[in-house]
Amino acid sequence: MAKKIELALLALATASALCGQSERVVATGLLQPQKLTLTPGGNLLVTESGAELHSGRVSLVTRSGSRRSLIEGLPSVTSAEGEASGPTGIAMRGRTLYVAIGGGDAEAAGPRPGTALFNDKGTSSPLFSSVLVFETEADVDNITGSFRLDAARIAALALGDTVELDEGSGIKARVSVLVNFADGVPDANRIYRFANPWGIALSADGATLWVADASRDLVWQVDTRTGRARLAAALAPGRNPTPVGPPVIDSVPTAVRQCGDELLVSQLTGFPFLRGAASIHSIQPDRTVRPYIANLSTVTDLACSGSGDCS
C-alpha cells in the first residue's frame with residue numbers, strides 16, 4: 001500500500017493526470033489514509049487506518065487543506081503483515097455515511113509461505129471485516145465536533161445494538177453495523193482465507209452497497225435496508241509468469257463503482273506485484289466478469305463520470 005497522503009490522493013492525482021491537469025498536495029499529517037469521498041460542500045472525507053489500537057478515524061479535509069476529525073475511535077491495529085488495518089472504504093448518501101473496516105489482526109501467518117491461520121491471541125476488535133453506518137442529524141460539512149466510539153459502544157454494536165453519539169455541540173449520530181463478514185473461511189490452499197473489505201460504493205438509488213473484498217477476491221452486494229449480503233462476483237487469480245512467488249497471483253479487488261448497469265472493479269494484484277498485471281474489470285448484470293482496461297499496475301481506486309470522459 002502507498003504511504004501517507006499519497007494513497008488518499010492517488011485517485012484524484014491519477015484523474016488529473018489523465019485529464020491533462022496538474023496534481024497538488026491537499027493535506028498532510030493523515031494517519032495511513034485509505035479512501036476518500038467528496039462531501040456536498042466540496043470538502044473531502046478521508047478514512048485513516050492508524051497503526052495504534054483503535055486509532056482509526058474519518059477526517060474532514062476542507063478545500064483549503066485544514067483537517068478535523070469527524071469520527072474517532074474506530075477499530076484499527078497493526079496487522080500480522082506489519083501494516084495498519086482499520087477504516088477503509090467510505091460512501092455517503094445524504095446524512096448517511098458508510099465506513100468499511102478492514103481485516104485487522106484476525107489473521108496470523110500459517111506454517112508454510114502463503115498460508116494463514118487465525119491469530120491465536122484473538123482479534124483486538126469484534127468489528128473488523130465489517131461495514132458501519134453513521135446517520136447524522138446534520139450535514140457533515142456543518143459538523144464541527146467529533147463523534148467518538150469507545151469500547152463499551154463497540155461491544156454494543158457487535159451485539160447488534162444501535163448506539164448514539166454526540167460530537168460535543170448537541171448534534172447526534174446513530175451508529176449501527178450494516179454487515180459483519182466472517183473474519184476467515186477455510187481455504188484448500190491457504191488453510192484459511194481472511195476477509196478485508198476495502199472498497200465500497202452505493203448504487204444510484206442507495207438500496208445496495210457494493211463491497212470489494214481485497215483478500216477474498218470477491219465483490220459483495222449488500223442490501224442497505226436489511227444488511228443481507230450475497231455474492232456479486234468472484235475474481236479469478238491470474239497466472240504468474242515468473243519463478244518468484246506462487247504459481248497464481250491474487251486479484252485483490254480494491255474499489256468498485258456502479259456505472260450504468262455494470263460494475264467496474266479495480267485490482268491491486270498480489271505478490272509479486274508485477275507491472276502490467278492489474279486490470280479494471282466489468283461485472284455484467286448476469287454476474288459475468290469481463291476485461292475492461294488491462295495492462296495496469298497496482299490500481300487502488302477509480303471513478304466513473306456519467307459521460308465516461310474527463311469532463
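Q: Which residue takes a positive phi in the hairpin of β19 and β20?
A: Happy to start there! This is a predicted model, and in the hairpin of β19 and β20 the residue to look at is Gly227, with a positive phi near 80°. The hairpin has 5 residues between its strands.

Q: How do β19 and β20 pair, and over how many bridges?
A: Strand β19 covers residues 218-223 and strand β20 covers residues 229-234; they pair in the antiparallel sense over 5 bridges. To see one of the partners, find Trp220 and look across to Leu231 in β20.

Q: Where can I find a positive phi in the turn of the β13 and β14 hairpin?
A: Go to Gly168, which has a positive phi of about 115°. β13 and β14 form a hairpin with 5 residues between them. Strand β14 spans residues 172-180, and its pairing with β13 is antiparallel, over 4 bridges. Here you can pick out Val163, whose bridge partner in β14 is Val175.

Q: Which way do the side chains point along strand β13?
A: The general idea comes first: in a regular strand, side chains alternate between the two faces of the sheet. Now try it on β13, residues 163-166: Val163 and Leu165 point to one face and are buried.

Q: Is Asp139 buried, partly exposed or exposed?
A: Relative accessibility is the number to read, with buried meaning under 20% and exposed over 50%. Asp139 has 34%, so it counts as partly exposed. You will find Asp139 in the loop between β11 (130-136) and β12 (147-148).

Q: How many Å separate the C-alpha atoms of Asp139 and Ala156?
A: They are separated by 25 Å, and the two residues lie 17 residues apart along the chain.

Q: What does the radius of gyration say about the protein chain?
A: You compare the value with what a compact globule would have. For 311 residues that would be near 19 Å, and the protein chain has 19 Å, so the two agree. Its C-alpha atoms fill a box of roughly 60 × 50 × 40 Å along the principal axes.

Q: How many helices and strands are there in the protein chain?
A: Look for 3 helices and 26 strands.

Q: What percentage of the residues in the protein chain is buried?
A: Buried residues make up 48% of the 311 residues.

Conventions: Residues are numbered from 1 along each chain as its sequence is written. This is a predicted model: local features need pLDDT of at least 70, side-chain atom pairs count only at pLDDT 80 or more; totals for chains, interfaces and linings use all residues. Side-chain values use heavy atoms; hydrogens and water are left out. Helices (H or I, at least four residues) and strands (E, at least two) are DSSP runs, numbered from the N terminus. The radius of gyration is taken over C-alpha atoms; the globule rule is 2.2 Å times the number of residues to the power 0.38. Buried means under 20% relative accessible area, exposed over 50%, partly exposed in between (1.4 Å probe, protein chains only). Two strands pair if DSSP finds at least two bridges between them.
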